[in-house]
Amino acid sequence: MNTIETSSVLYTHYERKEGNQQTTHYCPGCGHGVIQKMIASAIEELGVQNRAIFLSPVGCSVFSYYYYDTGNIQCSHGRAPAVGTGVKRVLPDSVVVCYQGDGDLAGIGMTEIIHAANRGEQLTVFFINNATYGMTGGQMAPTTLLHEKTLTTPFGRESERDGKPLAMAEVIASLDAPAYVRRCAVSSTKELLRTREAVRIGLKNQVDKLGFSFIEILSPCPTNWKMSAVESRNHIEQVMKQFYPLKTFVDKRPENVCIKNNSFPLMNDDELLSLLTGDLTARSFESPVIDSPKTITIAGFGGQGILSGGTLLANSAMAHGLDVSWLPSYGPEMRGGKASVTVIVSDSSIPSPLDEKPDFLLAMNGPSLQYYKDKVKTGGTIIVNSTLVDDEIGRDDVNVYGIPATAMAQEALIPSAASVVMVTSLAVLSEVVSVFSLKESLNASLKRRELLDANMDLMKTAENYITSNFLVNNYNKKV
Amino acid sequence: MKNLVKCDVQRCKGCYVCISHCPKGCLTIDSSINSQGYVPVSTVSEADCIGCGMCVLSCPEPFALKVIKENKDRVCKSA
Amino acid sequence: MQKRLVKGNEAAVLGALMGGCTHFFGYPITPASEIAHAAAYYFTKAGRTFLQAESEVSVINMLYGASSAGARVMSASSGPGIALMGEGLSYLAGSRLPCVLIDMQRAGPGLGNIWPEQSDYNMVVKGGGHGNYKNIVLSPDGAQEMFDFTRAAFSYADEYRMSVIILGDAYIGQIMEPVDIGSTVDHGKRKDWALYADEESRENLITSIFMKPSSQGQHNRELQQTYRRVEKELVDWEEIETEDASVIFIAYGIVSRICRSAVALLRKAGLRAGLLRLKTLFPFPSEAVLNHAKRKVTIIVVELSNGQMCQDVRAAAQYSTRIIELLKMGGEIPSVEEVVSFTQKTVLRSAH
């Protein structure tokens, strides 16, 4: 015996529902039941019940999970396309039914639907347009027709005050990505058959991975329209269809372009670990003697390699087995040209990483010298970039050295490496880190590895300059 | 055996959309009231059901209606 | 032990990948954008998923969907973005979905500025959205803990089916320190409640709606039981020189490191100072606070807010000792010197 009946993708007994578990919670004549039965049938025909995940919106269909014997997720108002995006990015072979009303999709959830459509997410969206907020009692929806009376437009919707009804299928069709956009209605016999066809196409597109499908369905709400079920269907035929034409706006099925997966292959644990550790080889050197934590502030302007100079110093200290912290100047001022970084090295764990009282100041331009010079500890050291700085220090309780860092870097054709000269000078003049470890750490600290040799030569030049010229205690004499 | 429309009167909410979609006038309003207070539809015995399934397709209530078809070589179909 | 010099923001991403996170949904906001930058690189390269969403509202809902599908998921933002995620956080809690978020706090209210504050404390520690729910809140004090806490967050989230929020600040994100990333990736297990688009999980339902007051009440009571379990099992803090201390700082994040420096200086100057550093904010280390309060030590709460965390300190101390606030707002932070002199003056005052 052959029968035509409701698909078994819907439960026959609604155990999740309280009260009568034989009938739905929908009002008599509601369009939701008609459409949800069609979706269930299509899921059954496509053989994807186990892969199907139904997204319930907020609205009358919030309880769709009472009925669907599929995976179910209840979503917050308007966000089903984002939730569906999340699901599909984890489970590309799932079949996600994104079921949304007009307040949900065209009102609060406009952002989510537009962007999911524009990304061409592999989703099938059913947009149930009954031109009203049903569950909350019948307020104006973005799709409410002009002059239509609702609880919040008691004198009718006015375009001057409320705007005109939103035609969502046309909006979605204006995007390039969607594979299928169609508007249907569950009004007449003819339209019911077309809707059933559209529902099947929309879901099959997802199974075939053809992209984003959007099916708007004009659906009756007899209760809020204050009509009988039959009158409400006539209202769709005679009134709604005038403003919301029923047609297929986009159908890319003939192109049959399966969306390509361009992602990188999934790394296993070993590959992941090597990606995360980078190509750094662990090195350790005998630690130089530092009797207490040392704070080094490197300051200048953007383009002098301030931050990478700090990174070089920090990597080098780390290679000595020291604890180290590196804290840059931060925020919009970075874009204003001022740059500084504070590196602290210590043989024990570092408490405050801030630049309160540096032991060493590497001042790479005049303003930064002025800004930081009085913060340097008594007995501390200031190394200035003598190419750019000839200011008076005005302190006799600190050691001062000058090195033409910018000139040397320019001569080596790597002007952004002026800080390398400064850091090398620090290594020669102090026991914070050794020049050897600086050289060994250079590769790991460079963003542009092709400049390794040039940087290495520059370090040698700086080292020679300091050792041969210097250990003179007044940079002004030198300059 | 003829095609036959069957209504589960306890599930029917009496919206009568099915009646308006039936091309053969097989459905009518019943004289009884179900336990939920709705007056369900019932079938007109003398009518000639062609087994098109439009009543099932148009019905908003799952499992309220089904059509049992006389034609045995057609596959079972859900609507 | 191989260490890498890593910024706090980047360390969080390394921690996430070592913690088995497969999906990162991001939206730019200073000072959290660097986390998204690092995620965009590492997640993509590793064949995981990084997706830039259209808004923070979409981010939290993508997390909701991806978490429903059983994945370990995360995002990062700052105060204004976390505020936008409030509804979604509440939904995650109601639906008992695990999720990991990082909040790199900036100054508010409103657009405020991008300098560090700790003014998201109430929003994040007390919940953030509507309803009776909590998030597990961890507060790292540097790059290593950004890594460690983020890695661990995924197993906490799965274990308790809760959101875990790592509450950082601009400095903790910017600081670069040696980080040990370990060698084991913790992938987590299949979840018996999640949707995998297969027959076994077909019956599963992700929802936060319970129509009957008795059902919603029962659901709420179960959530509270989970929170009590979290309080017992996860509470964590660090004590630094508190044993003989007469003055104890209570702080977290960047401020706790400033206080650590102050403790050392104060001890050199002959004052027995100590530090109670909070590593979990929910659960709040109330017992540790009470123990010290009972000893009648002077508690100094140093905080970058109008005293949001201090309210919890006062509640925990049950008004049994003197609690003084050193508060900064707007992106200002106290110098070590300022904390030291404030403390010395405070102690001097109480001696008279």
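Domain bounds, as used here, come from an automatic or database domain assignment. On that basis chain A is divided into domain 1 (31-255) and domain 2 (282-478), and 63 Å separate the centres of these two domains of chain A, taken over C-alpha atoms.

This is a predicted model, in which local features need pLDDT of at least 70 and side-chain atom pairs count only at pLDDT 80 or more, while totals for chains, interfaces and linings use all residues. Residues are numbered from 1 along each chain as its sequence is written, with chains lettered from A and ligands numbered from 1 in the order in which they are written.

Helices (H or I, at least four residues) and strands (E, at least two) are DSSP runs, numbered from the N terminus. In chain A, strand β9 (residues 213-218) has 6 of its 6 residues buried, a residue being buried if 20 or more other C-beta atoms, placed from the backbone, lie within 10 Å of its own. Both faces of β9(A) are covered, with A:S213, A:I215 and A:I217 on one side and A:F214, A:E216 and A:L218 on the other.

| Strand paired with β9(A) | Bridges and direction |
|---|---|
| β5(A), residues 124-129 | 6 bridges, parallel |
| β8(A), residues 180-185 | 6 bridges, parallel |

From β8(A) the chain crosses through helix α7 (residues 189-207) of chain A to β9(A), in a right-handed β-α-β crossover, meaning that, with the strands pointing away from the viewer, the path from the first strand over the helix to the second runs clockwise.

For chain B, the mean pLDDT (the predictor's confidence in each residue, from 0 to 100) is 90.

Definitions and conventions:
Buried ≥ 20, exposed ≤ 12 C-beta atoms within 10 Å, placed from the backbone. Pairing = 2+ DSSP bridges.
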